[in-house]
Each structure stands twice: as structure tokens, then as C-alpha cells.
Amino acid sequence: MPAGQPHAHEAAAGGGGASNHSNHHLPVHSPPPLPAEVVPAYPPPESEDDETWVWTQIKAEARRDADAEPALASFLYATVLSHPSLPRSLSFHLANKLCSSTLLSTLLYDLFLATLTAHPSLRAAVVADLLAARSRDPACVGFSHCLLNYKGFLAIQAHRVAHVLWAQHRRPLALALQSRVADVFAVDIHPAAVVGKGILLDHATGVVIGETAVVGDNVSILHHVTLGGTGKAVGDRHPKIGDGVLIGAGATILGNVKIGAGAKIGAGSVVLIDVPARSTAVGNPARLIGGKKAEGENDEDMPGESMDHTSFIRQWSDYTI
């Protein structure tokens, strides 16, 4: 066992015969288990780099959960606690999620790990996505919960690897990976699409992002969103989403249109033209509404980070139920 990795009896509650003596000699480098209600969303200012801090949190949460739920101890040990780093844990988990009888988990593990190791920007994006989910989604109870269970997070990380393969002209493999992600996670992102960091695919089911689409940083996208083309147009034919945009559930944005930074697209909207920055578009076809700042809203507030879906209602209507 490599140095620094936890022993099996640390992960399994009730330890299958682990003695009291061994329980009194846990490795001194092991972080203490976190109380269930104390799982911070952001690294403290005095912490080490974000990746180290987040990985430490993930391991502590996994130990806590293994102690609380012995049925998950083996899974948590194999997927988190037996690995020395976040890239190795993520690569192992993705490989086991996406493998098939003809696309082996060992091949995928090597592919994911080699890509993450060679591209520090990808690892930074992984951490930014974890921080985004933890801070924006009140249902996200911890970083390990996102890493292990959020299919939107996992789909985005697999896409990042597929995008690297596409850029390296390994396109058959990139497309095969896209297909597996669509099969397993019900998220279809073309490997040529450009996706920023700090992305939240909330629920994620049914998200489609086309080949020439661009998604900026700190964007939040809900389920059943389509960033698609208008038909048989060729070339640059998909939407360009600015930083900090929030796209509501079931929204459809078609064609080479620009959604400005900090814009908000209402649930179920169909957008066929550009949407200016800091504006709200709703309806089918979408129209611009609002224009005033909501009470308590600052110029620096970005809908993609605040997840504020409804402030525009207060801005344009006094109607209440």
C-alpha cells in the first residue's frame, strides 16, 4: 500500500475484527471526522491551495460517512480513501461509471488520469466545479456527495477529457466518450464544445450542448436545457454563453446567439436572438423583461452564482397569489 493511504479498518465501521489496539493507533496525519452539519463551502483564507483543501475535506467526509453507514464503507474506501489525490479518485470513479464490456475501466482510468495530470487547468476546473456545486446547491451536503453522486459534475469532467482528445485529433475516442456519457448520465455535450470552470449542471438530465457552443465561467444550467443549432446550418452555429449566466430548467437557446454576462434565461424559454448582459429573457419566443435591480441586488451579483431564478417577477409585476 502506498505511503499516506488510509488502512481498510479506518473506512469500515465495526472493522470486521479490527482490534481496540489498532483503533488507538490511527495515523497521525488523518484529519478528524467532520460533524454532519459542519461541511464548509469555501476554503478558509489561511488554507493551502484549493485542490489540497478540497481533497482533505472529501477524505474527511468519506471517513465520517463510512463510520456512519457501514454499507458504504467498501465503496468509500475503494473510490476515495484508497487514493492519494483527487485526480486519482476522480479518474477511478469516472472509469467505473463509464466503462463497458468493450471499453475497459483500466483503459479509461489511465486516460483520465494521464489527461488530468498533464493539464493543471483541468484540475483547477474540477475544484472550481466542486466549489460551485457546494456553494450554489442547498441540496449538496458535501464535496464528497458531489464527487460521488452528482452526474452533472461527473459529465462535465468527462467532457473536459473528451475535449482534450478532440483537440489532439483523437476524435473517434472523444466521440466514443461522449456517447458513453450520454448513455450513462443522460447529458450530451459534443467534445468540441468549449466549457469554462465553476460550472453547475443542476440535476443535469437532458442537457444538450452542441459542437460550436461556448459556455463561460461560473455558469449554472438546470436540467433539460438545450444549447443547439437551428437546423442544417454549418460552421459556427451554436450559442455563446457569457460568464455568470443562469439558464432555467427546460430552456432552449438555438443558433449562434450571444447570451451576455450575468444574463438570466427563464425556465422553459426559447431564445433565438442575442440577450444583452445583465438582462432577463423569458417566454416562447423569449422577450426581455425587468431592467431594475431587485431589492438587495448588487452590481456584482451574478445570477449564475446567486441562483436567483425569480427576482425579475418582483421587478415587473405586482401580481400575487
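What you see is a predicted model, in which local features need pLDDT of at least 70 and side-chain atom pairs count only at pLDDT 80 or more, while totals for chains, interfaces and linings use all residues. Residues are numbered from 1 along each chain as its sequence is written, and side-chain values use heavy atoms, with hydrogens and water left out.

Cavities, then. On a 1 Å grid over the protein atoms alone, a cavity is a set of points where a 1.4 Å probe fits but cannot get out, and lining residues have an atom within 4 Å of a point. Grid points are joined across faces, edges and corners, and a volume is the space filled by probe spheres set on the points.

How many cavities of 30 Å³ or more does a search of the whole structure find? There are 3. Two elements give two or more residues to its lining, helix H9 (151-167) and helix H10 (171-185). H9 gives the most, with 4 residues. The lining is made up of Ala155, Ala158, His159, Ala162, Leu177, Gln178, Val181 and Ile189.

For classes, Ala, Val, Leu, Ile, Met, Phe, Trp, Tyr, Cys and Pro count as nonpolar, Asp, Glu, Lys and Arg as charged, and the others, Gly among them, as polar. By that scheme the lining of the largest cavity has 6 nonpolar residues, 2 polar and no charged.

Next, helix packing around H5. Axes are lines fitted to C-alpha atoms, for helices over the stretch in contact, and angles run from 0 to 180 degrees between N-to-C directions. Helix H4 (residues 73-81) packs on helix H5 (residues 86-98) at about 125°, the axes being 8 Å apart. That makes H4 oblique to H5; angles under 35 degrees count as roughly parallel, over 145 as roughly antiparallel, 65 to 115 as roughly perpendicular and the rest as oblique. With contact meaning heavy atoms within 4.5 Å, Phe75, Ala78, Thr79 and Val80 of H4 meet Ser89, Phe92 and His93 of H5. This contact has 4 nonpolar, 3 polar and no charged residues.

Helix H3 (residues 50-68) also packs with H5, at an angle of about 55° and with axes 10 Å apart. H3 is therefore oblique to H5. Glu51, Trp55 and Ile58 of H3 make the contact with Leu86, Pro87 and Ser89 of H5. Here the division is 4 nonpolar, 1 polar and 1 charged.

Now the sheets, where two strands pair if DSSP finds at least two bridges between them. An open sheet of 5 strands runs E1-E4-E7-E10-E13, with parallel pairing. E1 and strand E13 (270-271) are at the edges with a single partner strand each, so one side of each has no neighbour in the sheet. Inside the order, strand E7 (residues 226-228) and strand E10 (residues 252-254) pair over 3 bridges, and Thr226 has Thr252 as its bridge partner in E10.

Another open sheet has 6 strands in the order E3-E6-E9-E12-E14-E15, and its pairing is mixed. Its edge strands are E3 (200-202) and E15 (287-289).

Last, the backbone. Which peptide bond is cis? The one from Asn284 to Pro285, with omega near -5°. Pro285 lies in the loop between E14 and E15. Ala186, in the loop between H10 and strand E1 (188-189), has a positive phi of about 60° although it is not a glycine. Most residues other than glycine have a negative phi, and most peptide bonds are trans.

Note on methods
1 Å grid on protein atoms, 1.4 Å probe; cavity = no way out; pocket = protein on both sides within 12 Å on 5 of 7 lines; lining within 4 Å.
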